[in-house]
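Hi,

Here is the structure I promised to pass along.

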Amino acid sequence: MKKLVFLSVVLVMMLALVAPGATAVAQEKIKVDVWIAFQDYRWDWTKEVAARFNEMFPQYEVVVTGGYSYETVFAQVAVAAEQGQLPAVVQFFEAGTQDARDSGLFKPIADALGDRTEILGLPVDFDDFVEPVRAYYTLDGKWTSMPWNTSSAIMFSNMNYLRAAGWEKPPATWNEVEQACEAIMALENAPEYCFTWPNHGWFFEQWLAQQDALYVNNGNGREARATEAVFNSEAGVAILQWLDDLYNKGYLYYSGAQGGDSWSTVDQAYSTQQVAMAAYSSSDTTLYTQMGIEGGFETVASFLPYNDDTGWTGNLIGGATLWLADGLDPAVEEGALAFLVYLTNTENAADWHKITGYIPIRYSAYDLLESEGWFEQWPNQTVAVQQLAQSKVTPATSGALVGGFPAIRNVVTAAIDRVLLSDDDPKAVLDEAVAEANRIIEEYNLLNAP
């Protein structure tokens, strides 16, 4: 009998030792993998936000992995999907929207949220997002992905050069850019060049939208699936002709780099005062303002110059959104949705704008910044916001939706490169670019269209 009692006591002690382990298993954190394109201070900031979220919701572990470039992330996602390792959230730039929709790998945010107005106690308010963002990412009448880093193409000017040349404010039109360049290059201490821009397809799209001209057919792919490129219009030719004129006059600095490789060449030229003006993304407004402070000159941001002959309709957005993977475990999906809502709330949207220059994507974030005196202290930060706010919402300014968009952008930048570095006719070059773009679209639609 004593032996049985002893064994019973031992058994109880063993169960007591096992129980904590069982509890630990039951309380194992739910991992939410997030892939983003950044690998600099923007990645650091996102990880800090994730850490705060994890403290608020200790049942979750949001892990943010950076370094996936805009251009290559989709191929990496496809491999991960084949291996059954698709992350819960992926950042795609705006040109990848159609590809992401057609992949079948992602669930529209609207479908995941349903009619809920909160998730894990966090309020959901899509009406608070600014109009250009809503126009771009509301497809088929519902939200497809979660807005995050939204930008516009603007211009940065070294006002030391402009004022010396008699210009008290940056030029607003293409003709004014040429006039300002003529005066700047006549200065005794003139820069090596006057104007530059990244030869990235996004700028061609911006200048096209300013003229209310379409990139692809079927209402820029928003009324029906795009089947043809139409950017070889008068508006498209005018862009190439203007850049070519600037280049031939010795005003335009062109490094020869294309696409993603071209951004850093503009950074270098502007920071070293090799040029007086640079068309660029508003996402680096903070950086370009600081370049001036550190370099002993004043940087003033302004709207992207437009074609005098057509006037200005508006500009389209750039940047990226966050896509929710389909087929997630319900608990993982809940945590991913909650993190997306938290990452883009009023306070975080305002802070994100401060450290980068991406626009405040919520009206409430803008109001918060204004109440803090942020825009009064840093007026350059208002430019992209105002440019988008004043833009008319049309199919052109809403941006193109087309399959194979990144590849088509490469065709456009190659066309611009050819025009600048040869005597080829801009219209003929652009016609050839459209023919190549149409082949890309046709092949894409054959593989992906329902």
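Strand E13 (residues 277-281) is mostly covered, with five of its five residues buried. Buried here means under 20% relative accessible area, against over 50% for exposed and partly exposed in between (1.4 Å probe, protein chains only). Strands (E, at least two residues) and helices (H or I, at least four) are DSSP runs, numbered from the N terminus.

Before you go further: this is a predicted model, where local features need pLDDT of at least 70 and side-chain atom pairs count only at pLDDT 80 or more, while totals for chains, interfaces and linings use all residues. Residues are numbered from 1 along each chain as its sequence is written, and side-chain values use heavy atoms, with hydrogens and water left out.

Back to E13. Strand E10 (residues 153-158) pairs with E13 in the antiparallel sense over five bridges, and Met155 sits opposite Ala279. E13 also runs parallel to strand E11 (residues 195-196), joined by two bridges; there, Thr196 has Ala278 as its bridge partner. (Two strands pair if DSSP finds at least two bridges between them.)

Next, helix H12 (residues 263-271). Its buried residues are Thr265, Val266, Asp267, Ala269 and Tyr270, and they pack against E10, E11, E13, strands E12 (252-253) and E14 (299-303), and helix H13 (285-295). Contact means heavy atoms within 4.5 Å. Just after H12, Gln273 takes a positive phi of about 60 degrees.

H12 comes up again in the largest pocket, where it gives the most to the lining, with three residues. That lining has 30 residues, and Phe38, Arg42, Tyr70, Trp263 and Tyr358 lie nearest the centre. A pocket is an open set of points on a 1 Å grid over the protein atoms alone, where a 1.4 Å probe fits, with protein on both sides within 12 Å along at least five of seven lines; lining residues have an atom within 4 Å of a point.

Finally, the largest nonpolar core has 137 residues, and Phe195, Trp197, Phe204, Tyr215, Phe231 and Met277 have the most contacts inside it. The largest share, nine residues, comes from helix H14 (residues 330-343). Such a core is a set of buried Ala, Val, Leu, Ile, Met, Phe, Trp, Tyr and Cys residues joined through side-chain atoms within 4.5 Å. A second, separate core of ten residues includes Val77, Ala80, Val90 and Phe106.

Cheers
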